[in-house]
Amino acid sequence: MKLVVQVRLWPTPEQAAVLEAVLEATLRACNDAANFASVTAFTTGDRREYALRKHAYREVRARGLGAQAAQHVIKKVADAYTTLKANIRAGNLGSEGSARRRRAESKPIAFRAGAAQPFDDRCLSWQIDAGTVSIWTTAGRLKNVAFVGSPEQLRTLALYRKGESDLVCRDGMWFLYATCEIPDVPVTKPNGFVGVDLGIANIATTSDGARHCGKGLNAVRHRNRELRRRLQAKATTSAKRLLKKRRRKEARFAADTNHRIAKRIVTEAERTGRGIALEDLGGIRDRVRLRKPQRVTLHSWSFHQLGSFIAYKAARHGVAVIHVDPAYTSQTCSACGHVDKANRPSQATFSCTSCGFAEHADVNAARNIASRGVAGWAVSHAADDAA
């Protein structure tokens, strides 16, 4: 499996002044060349990498880029158009003729001046033991630039780094995102499943009854929304400075919360020898209709991030993960199977109108998800078991 390890460049005071200016100029030059290649791809219709090279390589090289950097710029443009085509085919930009899809198709893809730039081992060499890198720039090669990371990140980097690394500038800090290929861990045959119900009031609820409450996260988001609203209305220089300083604080807090929840769920599944059953919530924002005050809460709900965290942590430990249809899991009795809208009289309450079974609504839904996980796994692995 592939993981991305993030490390921060940590230049000496003597290097810092030069490094920031040189790296900014390098990203600007690479993305200016990428915009040229993007316009060329859009006008000629040749959007595949090797076809695009014939049209754009000479001009990209003439803009001060080295041969390897020029190749990566063209590949970045070709990959961007491949992603756009895939999103259109999947319907992520709306149906044919929709305003959003027309906007995407009617103009070349544009790259920000500070957008990330990929480097291979010829442009960026790692000295892992010394904790330094040597990186190509438009002003020449910068050598012995130190980097820092957590002990786990540095260990993963030393053992498994392979392929390209991306140079990224974020909030005035410089980072390298390195691709690491970790050996796959064989998936252990699960002895049952832990069902996970994802929600807003409770971020995640397991079939064992563990509830990870979303009250604190929602309170932080509400407080941040109100603060952003007041600062945007004030519109002074200091208010804008504070907005810029806080712009990723909520996202970091939400990601940390999701990491901790995912780790607990995966650890419990591994300890008990079970797999994890998750709801397939793709397209839920398009399906669900809510009143205006509730839409902000829905669209800030990071269920996809939590699901992806659970999936990759489970893969690292050989824990099976299966996605199931979430339809009617909140209205179905986990004891007798009776389905009725009246079974769910309130957000937190489940009371079966047929057998009288009562439970917290999210725990009941998680048990239904666990049952569907067992059935789904049996169906998908029936042929393997028969063999």
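1. At 7% relative accessibility, Asp362 counts as buried (under 20% relative accessible area; over 50% would be exposed and anything in between partly exposed, with a 1.4 Å probe and protein chains only). Asp362 sits in helix 12, residues 361-380. Leaving out residues up to four places away in sequence, Asp362 touches Asp197, Asn202, Thr205, Arg344 and Gln347, a contact being heavy atoms within 4.5 Å.

2. A word on the ground rules: this is a predicted model, where local features need pLDDT of at least 70, side-chain atom pairs count only at pLDDT 80 or more, and totals for chains, interfaces and linings use all residues. Residues are numbered from 1 along each chain as its sequence is written, and side-chain values use heavy atoms, with hydrogens and water left out.

3. Now the whole chain. It has 13 helices and 14 strands, taken as DSSP runs numbered from the N terminus (helices H or I, at least four residues; strands E, at least two). The C-alpha atoms fill a box of roughly 75 × 55 × 45 Å along the principal axes. Of the 387 residues, 37% count as buried. If you take contacts between residues at least 6 apart in sequence, 63% of them join residues at least 24 apart.

4. On charge, there are 63 positive and 35 negative side chains, and the centres of the two sets lie 8 Å apart. Lys and Arg count as positive, Asp and Glu as negative, while His and the chain ends are not counted. Each charge is placed at NZ of Lys, CZ of Arg, CG of Asp or CD of Glu.

5. The largest nonpolar core has 45 residues, and Leu9, Leu65, Trp126 and Leu167 have the most contacts inside it. Such a core is a set of buried Ala, Val, Leu, Ile, Met, Phe, Trp, Tyr and Cys residues joined through side-chain atoms within 4.5 Å. Elements giving two or more residues to this core include strand 1 (2-9), helix 2 (49-62) and strand 7 (173-181). Helix 1 gives the most, with 10 residues.

6. Leu9 is worth a look: beyond four places in sequence, Leu9 touches Leu23, Val133, Val145, Ala146, Phe147, Leu167, Trp174 and Leu176. There is also a second, separate core of 21 residues, with Val194, Val196, Leu281 and Ala314 among them.

7. Thr132 belongs to strand 4 and, at 11% relative accessibility, counts as buried. Setting aside neighbours within four places in sequence, Thr132 is in contact with Ser125, Trp126, Gln127, Asn144, Val145, Ala146 and Phe147.

8. Helix 3 passes the length check: at 1.5 Å a residue, its 24 residues should span 34 Å, and the end C-alpha atoms are 35 Å apart, which agrees. The expected span is 1.5 Å times one less than the number of residues. Buried residues here include Ala70, Val73, Val77 and Leu84. The buried residues of helix 3 pack against helix 1, helix 2, helix 4 (99-105), strand 2 (117-119), strand 4 and strand 6 (161-170). Just after helix 3, Gly91 has a positive phi of about 80 degrees.

9. Gly273 follows helix 8, with a positive phi near 70 degrees.
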